[in-house]
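Please report on the pocket and the strand pairings in this structure.

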Amino acid sequence: MDVIGVNEDWLAFFARVITPQVYIPTTDVMGVRGRVLRTLRRGLPLRQAMSKLFNEVVLFVVDVHVRESTQKSIDRRFALNDHVQLIRVVDDMILFHKDIDMVINGWKALQSIMPALGLRLNKEKCGSCIVNKHLEEPDGLQTELPQKDIIYGMLRLQRDGQWIIDEEAWKQTHERLGQRIKDAHSVLSKVNVYNGYIRVRAVAGPREVSSGPRLQALRLSAAKSAGAGAVGGRILPQGDYGAILEGYAAGDGF
């Protein structure tokens, strides 16, 4: 924060914000449960406005670095420049461009800036895809870009631009959901767990749901989840899933 000009008073305040004292649950060798007061020294407290600010301050540097590292002049007369497009939702980033070499340069720029910020890419979650079914995939894509598929929630992007259900991700989420519903102590708690699953895992938000193939894939994902609770039948009648998903996509909520 001091690099961007924050004064000493604010630095001291921010330091107190990001190092709160919290109670940590403990269990001794006799199985007796208790708690101990500790000061957080790593990471940021979740769900705090300040944490979001600190996150954006750091990752904004990444945005600028990728843009400047891939920028090239198109027309000097009108100061027109081209660069890799970077879309970021918190710490989830997408790089795209019609020129594969530009994307490769953006990927290299992204990797180069991370150590300077004390960050590290989770390459297990990184992927690449050429969205053009008529274009042959070049050899360089396999060696210089991540070789995994692009996955959004439980959807997998195909080269023809279609989204299909990622069966493995769906299976894992399905199993976790079933266990969470099983652990819930009341009917309302079970419904809340399931509704949260549909809202976050399946559709993520009305503004992020498009029409056409992607909505159809989301609808199939929700339909497959009928009976996911495995604790005495479906929470909602199966016929309601399509209406719920389409209503939420339109912004109607549940």
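## The second largest pocket

The second largest pocket has a volume of about 210 Å³. This figure comes from a predicted model. The pocket's lining includes M1, D2, V3 and I4. F54, V57, V58, F60 and V61 also line the second largest pocket, as does L117.

Strand β1 covers residues 21-27, and strand β2 covers residues 33-39. The two pair in the antiparallel sense, over seven bridges. One of the residue pairings is Y23 with L37: L37, in β2, is the bridge partner of Y23.

## The open sheet β7-β8-β9

Three strands make up an open sheet, in the order β7-β8-β9. Their pairing is antiparallel. Which strands are at the edges? They are β7 (151-152) and β9 (163-165), and each pairs on one side only.

Strand β8 spans residues 155-157. Two bridges join β7 to β8, and these strands run antiparallel. Across this pairing, Y152 stands opposite L155 in β8.

Conventions:
Residues numbered from 1 in each chain as written. Predicted model: local features only at pLDDT ≥ 70, side-chain atom pairs only at ≥ 80, totals over all residues. Heavy atoms only, no water. Pairing = 2+ DSSP bridges. Helix = DSSP H or I, 4+ residues; strand = E, 2+ residues; numbered from the N terminus. 1 Å grid on protein atoms, 1.4 Å probe; cavity = no way out; pocket = protein on both sides within 12 Å on 5 of 7 lines; lining within 4 Å. Points joined across faces, edges and corners; volume = space filled by probe spheres on them.
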